[in-house]
Amino acid sequence: MNRFVPRSYVRKQGSEYQLRCPVCGKANLYWNVRKQGGQCFTCQTNHNRHTIADLVEGRLEALPLVDLRELLPARPKNPAPEVEKDLPWQALWYLQDVRRMSLQQIKDSGVTYDPAKDSVVFPLQPKHGDDLPLAYMSRSTDPDRKGSWRIDGASDKQNYWHHCAPVAALAQAKCLVCVEGIFDIYSPGLEHCAVALLGTKLYEPGEFWFWRHRFGTPVAVWMDPDPAGQAGAIAIKKVLDQICSKVIAINYPKEPGDCSADEAREVLREQVHSVL
C-alpha cells in the first residue's frame, strides 16, 4: 500500500512526524502516516497528502494500513455536547503517545474530543448518585500548551470524581488508590484500583458514603510530590484514618502520571502490599 511519508521532518514519534507548515511556516504541523493526514496546531490548517505534496513522498510498505475505525473508543452513554462522534488522529496521538494510554483504557474511560477547544474530554462520576447534572473535565491535546483542566457542566468539582472501573469493582480491589488527576489513573495502569479526587482535597461529609463502603479495606493515598500534593496527602489521610481500617500514604518522588505501569506496580508492592 502506498503511504506518503515526509522527506524531512523536525521530529518523529511513532507514526507521527512533526513538519514545518507550508501555510504559516511554523514547525508545528503533525503528519500521521497511518491516518494520511495532519494538522498545524499554530494556524489550525488541516492537511492531506495533496496540500503538502512537496513535503511528502509515496513509499511502498509491506505492512497494511491500520483501519482507525477499529481503534476508536466506544462512545459514552451520555456524550458531552458538541463533541465529535469519533476521536480524530490528534486526540489518539495525544492519549496514546503522550499520555501512554492503551486502546483498551481509551475505550473504557469514555473519553471524547471537543474540536472547538482541541481538547480531550473525560466524563466525571457524581459522588452522591445520578441526580446531579452531567459534568466533564477537558484538557488540550497540545502537550506544549500550558493550562489546567477545565470543568464543564457543573459549578465546581467537589461533588464529582473520576474512576474507570465501577464502584462495585473498585470495592473488590486489594487496596484502593487515591490519586489527584485523571491521567494519574491511566498512565501508570491503575484503572482497576484507583479513583481520581480531581485535586488534593477530600470534601466531607459528602464523600463518607463511599468510604464507609470501603471500611475494612486498605486505602493508599498517592498524591503528587509537590508541596500542595504532600499537604493534601496529610489532610486526606487524617480524614480517612477515622473511617478506614488502614490508610497508607505513599511517599515517592514522582507523581503517578509520570510512572510507567511497571514502576507503579513496584511502588505499590514496596510501600503498600508489603505492609498489608
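Biologist: In which loop is Q44 found?

Modeller: This is a predicted model, in which local features need pLDDT of at least 70, side-chain atom pairs count only at pLDDT 80 or more, and totals for chains, interfaces and linings use all residues. Residues are numbered from 1 along each chain as its sequence is written, and side-chain values use heavy atoms, leaving out hydrogens and water. Strands are DSSP runs of E with at least two residues, and helices are runs of H or I with at least four, numbered from the N terminus. Q44 is found in the loop between β5 (37-40) and β6 (46-47).

Biologist: What is the phi of Q44?

Modeller: Most residues other than glycine have a negative phi. Q44 is partly exposed, at a relative accessible area of 40%, where partly exposed lies between buried (under 20%) and exposed (over 50%), with a 1.4 Å probe and protein chains only. Its phi is positive, near 65°.

Biologist: Which residues of α6 are exposed?

Modeller: Helix α6 covers residues 227-240. Its buried residues are G229, G232, A233, I236, V239 and L240. They lie on the same side of α6 because their arc around the axis, taken from the directions to the C-beta atoms, is only 130°. On the other side, the exposed residues are P227, I234 and K238.

Biologist: Which residue caps the N-terminal end of α6?

Modeller: The backbone nitrogen of A228 has a side-chain oxygen 3.2 Å away. That oxygen belongs to the capping residue, D226.

Conventions
Expected span 1.5 Å × (residues − 1). Polar contact = N/O pair within 3.5 Å; in protein donor to acceptor, adjacent residues only side chain to side chain.
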